[in-house]
Amino acid sequence: MNRQQILLYLVSIAAGSALGIALPSLSDQLGFLITPFLGLLLYITFLSMPLTKALQGLKDLRFIFALMVTNFIAVPALVFALSRLLVADQAVLIGVALVLLAPCVDYVIVFSGLAGGANQKLLAATPLLLVVQMMLIPVYMYFIAGKSPMEIFSPEPFIEALILLILIPLALAWSTQVFAKKHSVIRYVSHSAELCMVPAMMGTLFCVVGSQIHSVSTHFEALVGAAFIFGAFVPLAAFFAYIVGRSYRLPAPALRALAFSGVTRNSLVVLPIALALPPEFSLASSVVVTQTLVELLAMLVMIKAIPILIKSTST
C-alpha cells in the first residue's frame, strides 16, 4: 500500500470530488469528519516518533530561527507581492491573504515525514508557530487587506486546533508508547499503527475535498485568479524557504521540513475565521477552500520532488 500511496491519494481526491459535486448535501457531514480523520492521522504520525526526544527539536536554534524567518518574514513579503494582483476584489484578497499568512501546524508534519523531513523539529515548534501567527496575522492583514478582517479576527480556531489536532493526539501517542513497554496488546497496536497511515490520509483527503468541492465549483470563475496565486505561491515559497535554510546551513532533513512549512498553510484552521466574515466577504471562505485543494495536489508532488531536489543540492 505504501508503494502505491500517491495513486491512492489521487483516487481519494477524485472520489471526494465526485461525491461532493454529485451530493452537495453531504458536505456538512464530510466536513465534520475532517477533524477526527486528521486527529487519527496525527496520532499515527506521533506514534511513529520517539516522543521523549521531540522537545530536543527546540534546542536546534538554527532551525527555529530559519522557521520563523521563512514563515513570518519571507512568506508575508511574498504574499504582499502576490496579493497586489487581486486588489480589485476585496473578498478574494482577504481570503488569499488570510490563508497564505498562516503556516500549517497539522498535516505538514505528516507530509514532511513522508518526504524524509525532520518532522520532529516541526512538531516541537508547533506551539511557537501557533502563538506567533495568532499575534502577527491581524497586523499583516491590516497592511495587506485593510482593517475589516481585524475586526472579526478570533484566536478560538487556533486554540481549538492546538487542542484537538496537536495536544490530544500527542498525549494519546505518548501514553501508547509508555504503556506499550508493559502491555503486549498495546505494543501490538503501536507496531500495527503505521499500517493505518495511508488509509487515514486517504480518509482525510476524501473528507476535505468532498466537503469543499461544491463551494469551489459554484464560484469557479471568481476563483480562477486566486487559484493562479496559490499555484505560483508553492514553488516561490519553497524556493524562499530553501534560500533561508541554506543561509542557516541546515542539513537536508531540516531543509526539507522547512520547505514544507513554507509552502503548507493553515487552511483548515483559518476557514472558520473566513466563514465568520460579513456577508459581503462571503467569497473569502471559498478562496480558502481553493487553497486547500491546490495545496493537496502540490503536496503529492512535493513528497516525491523535494527529497530529490534537496538531496542533489544539499548533501
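User: What volume does the second largest cavity have?
Analyst: In this predicted model, the second largest cavity has a volume of about 40 Å³.

User: Which residues line the second largest cavity?
Analyst: Its lining consists of Leu100, Phe230, Phe233, Val234, Val263, Gln291, Val294 and Glu295. By class, that lining has 6 nonpolar, 1 polar and 1 charged residues.

User: Which elements supply at least two residues of that lining?
Analyst: Those are α11 (220-247) and α14 (283-314).

User: How many cavities of 30 Å³ or more does a search of the whole structure find?
Analyst: The search finds 2 cavities of 30 Å³ or more.

User: Now the largest pocket. How much space lies in it?
Analyst: About 360 Å³ of space lies in the largest pocket. The elements that give two or more residues to its lining are α2 (27-47), α8 (156-180) and α13 (267-275).

User: Which lining residues lie nearest the centre of the largest pocket?
Analyst: Gly31, Thr35, Glu160, Leu268 and Pro272 lie nearest the centre, out of 15 lining residues.

User: And what is the make-up of that lining by class?
Analyst: The lining of the largest pocket has 11 nonpolar, 3 polar and 1 charged residues.

User: Let us turn to helix packing. At what angle do α4 and α11 pack?
Analyst: Helix α4 (residues 90-100) packs with α11 at an angle of about 25 degrees, and their axes are 10 Å apart.

User: Why are α4 and α11 described as roughly parallel?
Analyst: Angles under 35 degrees count as roughly parallel, and the angle here is about 25 degrees; α4 and α11 are therefore roughly parallel to each other. Their crossing is right-handed.

User: Which residues meet there?
Analyst: From α4, Val92, Val96, Val99 and Leu100 meet Ala222, Ala226, Ile229, Phe230 and Phe233 of α11. The residues of this contact divide into 9 nonpolar, no polar and no charged.

User: How does α4 sit against α6?
Analyst: The axes of α4 and helix α6 (residues 119-145) come within 10 Å and cross at roughly 145 degrees. This crossing is right-handed.

User: What makes up the contact between α4 and α6?
Analyst: On the α4 side there are Gln90, Leu93, Ile94, Ala97 and Leu98, which meet Ile137, Met141, Ile144 and Ala145 of α6. By class, the contact has 8 nonpolar, 1 polar and no charged residues.

User: Back to α11. How does α3 pack with it?
Analyst: Helix α3 (residues 61-83) and α11 pack at an angle of about 145 degrees, with their axes 10 Å apart. α3 passes α11 in a right-handed crossing. The contact is made by Ala66, Val69, Thr70, Ala74, Val75, Leu78, Val79 and Leu82 of α3, together with Ile229, Phe233, Leu236, Ala237, Phe240, Ala241 and Val244 of α11.

User: How many residues of each class does that contact have?
Analyst: The contact of α3 with α11 has 14 nonpolar, 1 polar and no charged residues.

Terms used. Residues are numbered from 1 along each chain as its sequence is written. This is a predicted model: local features need pLDDT of at least 70, side-chain atom pairs count only at pLDDT 80 or more; totals for chains, interfaces and linings use all residues. Side-chain values use heavy atoms; hydrogens and water are left out. On a 1 Å grid over the protein atoms alone, a cavity is a set of points where a 1.4 Å probe fits but cannot get out, and a pocket is an open set with protein on both sides within 12 Å along at least five of seven lines; lining residues have an atom within 4 Å of a point. Grid points are joined across faces, edges and corners, and a volume is the space filled by probe spheres set on the points. Helices (H or I, at least four residues) and strands (E, at least two) are DSSP runs, numbered from the N terminus. Ala, Val, Leu, Ile, Met, Phe, Trp, Tyr, Cys and Pro count as nonpolar, Asp, Glu, Lys and Arg as charged, and the others, Gly among them, as polar. Axes are lines fitted to C-alpha atoms, for helices over the stretch in contact, and angles run from 0 to 180 degrees between N-to-C directions. Angles under 35 degrees count as roughly parallel, over 145 as roughly antiparallel, 65 to 115 as roughly perpendicular and the rest as oblique. A crossing is left-handed if the near helix is turned anticlockwise from the far one by less than a right angle, and right-handed if clockwise. Contact means heavy atoms within 4.5 Å.
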